[in-house]
Amino acid sequence: MPATAIAAVVYKPTDNIEALLAQAARALAADGVKLGGVLQHDIATVIDDPCAMELENLETGESIPLSQELGRGSVACRVNPDALARGSVAVRGAIERGVDLVIINKFGAQEVSGAGLRAEMGETVMAGVPLLTAVGERFLGEWKNFTGDEGALLPPTLEAVLDWWSALPGQA
């Protein structure tokens, strides 16, 4: 697979990366691209929990609760391990079913530490399926180490994502 079939949108904390990736997924799906993977969304309607999150399975539309309630005063990671396992199953299944593109919400702290959906990112690439993700500027060095400094680094714009996809062999 050409190195350009791996792309990471590089973003700052002030960029709304979740909204950008969701917009890109909608635009690509509208063009007939068969998507797999998972996107993270904040759940704004949960009043008692301003940090509530969910994963969206891009292939099925299923919502997977990502954050877990750990009780008052907890400082532990709120990411639900069951949600990550379900996200993993979603990505692996999408690869097996022959999707055109896998989108995984981000290469973040979990992936930097060797957890999260890091293995699934590698499996996507090894299967020859293009991968789109996002990486915060603070993790750019770790991303480059993970990819062997291969792939495209994109600015956080819809146009950049769509141009990257269109430039891949067989997409024009």
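These legends describe close-up views of a predicted model. Residues are numbered from 1 along each chain as its sequence is written. Local features need pLDDT of at least 70, side-chain atom pairs count only at pLDDT 80 or more, totals for chains, interfaces and linings use all residues, and side-chain values use heavy atoms, with hydrogens and water left out.

View 1. Helices (H or I, at least four residues) and strands (E, at least two) are DSSP runs numbered from the N terminus. From the N terminus on, their order is β-α-β-β-β-α-β-α-α-β-α-β-α. Of the 172 residues in the protein chain, 42% are buried, where buried means under 20% relative accessible area, exposed over 50% and partly exposed in between (1.4 Å probe, protein chains only). Among contacts (heavy atoms within 4.5 Å) with a separation of 6 or more, 61% are between residues 24 or more positions apart.

**View 2. Helix H5 spans residues 140–147.** Its buried residues are Leu 140, Trp 143 and Thr 147. Seen down the axis of H5, these buried residues fall within an arc of 55°, so they line one face of the helix; the arc is that of the directions from the helix axis to the C-beta atoms. An α-helix has 3.6 residues a turn, so residues three or four places apart point the same way. The cover over the buried residues of H5 includes strand E1 (6–11), helix H4 (118–126), strand E6 (131–136) and strand E7 (152–154).

**View 3. Helix H1 (residues 17–30) packs with helix H6 (residues 158–167).** Their axes are 10 Å apart, at an angle of about 45°. Axes are lines fitted to C-alpha atoms, for helices over the stretch in contact, and angles run from 0 to 180 degrees between N-to-C directions. H1 and H6 are therefore oblique to each other; angles under 35 degrees count as roughly parallel, over 145 as roughly antiparallel, 65 to 115 as roughly perpendicular and the rest as oblique. From H1, Leu 20, Gln 23, Ala 24, Ala 27 and Leu 28 meet Leu 158, Val 161, Leu 162 and Trp 165 of H6.

**View 4. Gly 61 lies in the loop between strand E3 (53–57) and strand E4 (63–65).** Gly 61 counts as partly exposed, at 45% relative accessibility. Val 38 is 23 residues from Gly 61 along the chain, and their C-alpha atoms are separated by 9.3 Å.
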